[in-house]
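Please keep the sequence and the structure at hand while reading.

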Amino acid sequence: MEDWDAEEKPKPTKHKGKHDKPKPWDDPSIDHWKIDKFDPSWNETGMLEISSFSTLFPQYREKYLQEAWPIVKSALKEYGVSCELNLVEGSMTVSTTRKTRDPYIIMKARDLIKLLSRSVPAPQAIKILNDEMQCDIIKIGNLVRNKERFVKRRQHLVGPNSSTLKALEILTGCYILVQGSTVAAMGSFKGLKQLRKIVEDCMLNKMHPVYHIKILMLKKELAKDPALANENWDRKNVKQKKVKSKEKKPYTPFPPPQQPSKIDLQLESGEYFLSDKKKSAKKWQEKQEQQTEKTAENKRKREEAFVPPKEPTRHDLGSTDDKNDVAAMAMSLKKKAKEFGKRKSFENIDPERYIAAGEPSKKKSKRSET
């Protein structure tokens, strides 16, 4: 066995990254997300088979679609796609023709009729035919079971006076329409990906859209700085404060005590043994007492409006100690003022003014004597 172990050769170590060779498509100058505009010369022969898509629309959209159908038809005619509006079945159908050259335009036409059925205006929906524009219809109806909760969370997404929705449109660069149990969106791939996460987080109550808006605004500001372009921004993101859950009570194997039933409570109070007549009389008396209390409370509330407000007193009367302190201070100030006045009069005596002022003072004294 020892000879066998000595003869064993060491296993060759695996070299990581041996296949990491430069690929021809890894050229940084190439933008892989750029969509080149379709040239009809790429497909001169056209389509071999006819492809068609149809979708149903709600009854309330019938009138609008009848009015807007000529615009839709003329827009699709440029790309060689035929469209049909069936009012009997309530459906829209798009299909390729011999003039169709772009093989992907039928998928764009399918998205167009989907958006029209989800209440998107025709001028806005026609923009989906452009190569740069994509669309996404997010279903939110099955994310929340309770109807009241669903309506409340959907309102969070819209916001007061559609302010939240407008902010999301500006930051993501997408057109958003919340209609019924779906959210229709049009924009770039990046914007649609962000929007889907925001909508799902809002409906599942994971994060409020306002926090997502703050994060998007921060990212927009950070993207402007070239030094922070390649850094991780997660630590700078705004996080929603988690509400502290109630503390769990310590586990006990014993069940909680059984609550007394209605009959048990009646037996305790002795009401169970009363006759029907006495029971009805007691109920009527309780009702009368409640009514009198209610009327008295309502009367008091009505009379509150006629009670005059308390007039503010000119001088708030303080305690006797405060009065004595104030009086003593006033007396000391008066004494000091008299002493200061006497000292000043002795210091500043002008003899000429004193002699001149002597005569009128005599006249005054004579007048006063008469």
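Helices are DSSP runs of H or I with at least four residues, numbered from the N terminus. By that numbering, S119 lies in the loop between helix 3 (105–117) and helix 4 (122–125). The model discussed here is predicted. Its protein chain has 13 helices and six strands.

**Overall chain**

- The protein chain has 370 residues, and 22% of them count as buried.
- Among the contacts in the protein chain with a separation of 6 or more, 59% are made by residues 24 or more positions apart.
- The protein chain has an accessible surface of about 31200 Å². Carbon and sulfur atoms contribute 55% of that surface.

**Largest pocket**

- The volume of the largest pocket is about 290 Å³.
- The lining of this pocket consists of 13 residues, of which K37, F38, Y79, D102 and I105 are the closest to its centre.
- Sorted by class, the lining residues comprise seven charged, five nonpolar and one polar.

**Salt bridges**

- Side chains of opposite charge can pair when their charged atoms come close.
- Across the whole structure, a search finds seven salt bridges.
- One of these joins D136 and R196, whose closest N and O atoms are 3.0 Å apart. This pair links distant parts of the chain, with D136 in strand 4 (residues 134–139) and R196 in helix 7 (residues 189–203), 60 residues apart.
- The two partners fall into separate accessibility classes: D136 has a relative accessible area of 17% and is therefore buried, whereas R196, at 30%, counts as partly exposed. The cut-off behind this assignment is that a buried residue has under 20% relative accessible area.
- A salt bridge also connects the side chains of K224 and E221, with an N to O distance of 3.5 Å. Because K224 and E221 are three residues apart in helix 8 (residues 209–224), about one helical turn separates them. Both K224 and E221 are exposed.
- In a further salt bridge, the side chains of E297 and K301 meet at 3.7 Å, N to O. These two residues both belong to helix 10 (residues 276–304), where they are four residues apart, or about one turn of the helix.
- E297 has a relative accessibility of 34% and so counts as partly exposed; K301, at 49%, likewise counts as partly exposed.
- Elsewhere, salt bridges that share partners join D136, R196 and E200 into one network.

**Buried residues in helices**

- W69 is placed in helix 2 (residues 62–77). With a relative accessibility of 10%, W69 counts as buried.
- When residues up to four places away in sequence are not counted, W69 touches C83, E84, L85 and M92.
- H212 is buried, its relative accessible area being 9%.
- Apart from neighbours within four places in sequence, H212 is in contact with K197, I198, D201 and M207.

- S119 is not a glycine, yet its phi is positive, at about 70°.
- S162 is another residue other than glycine with a positive phi, near 55°. The position of S162 is in the loop between helix 5 (147–158) and helix 6 (163–172).
- Is S162 buried, partly exposed or exposed? Its relative accessibility is 28%, so S162 counts as partly exposed; that class lies between the limits of under 20% for buried and over 50% for exposed.

How values were computed:
Residues are numbered from 1 along each chain as its sequence is written. This is a predicted model: local features need pLDDT of at least 70, side-chain atom pairs count only at pLDDT 80 or more; totals for chains, interfaces and linings use all residues. Side-chain values use heavy atoms; hydrogens and water are left out. Buried means under 20% relative accessible area, exposed over 50%, partly exposed in between (1.4 Å probe, protein chains only). Contact means heavy atoms within 4.5 Å. Accessible areas come from the Shrake-Rupley method with a 1.4 Å probe; for residues, only the protein chains shown count as cover. On a 1 Å grid over the protein atoms alone, a cavity is a set of points where a 1.4 Å probe fits but cannot get out, and a pocket is an open set with protein on both sides within 12 Å along at least five of seven lines; lining residues have an atom within 4 Å of a point. Grid points are joined across faces, edges and corners, and a volume is the space filled by probe spheres set on the points. Ala, Val, Leu, Ile, Met, Phe, Trp, Tyr, Cys and Pro count as nonpolar, Asp, Glu, Lys and Arg as charged, and the others, Gly among them, as polar. A salt bridge is a side-chain nitrogen of Lys or Arg within 4 Å of a carboxyl oxygen of Asp or Glu.
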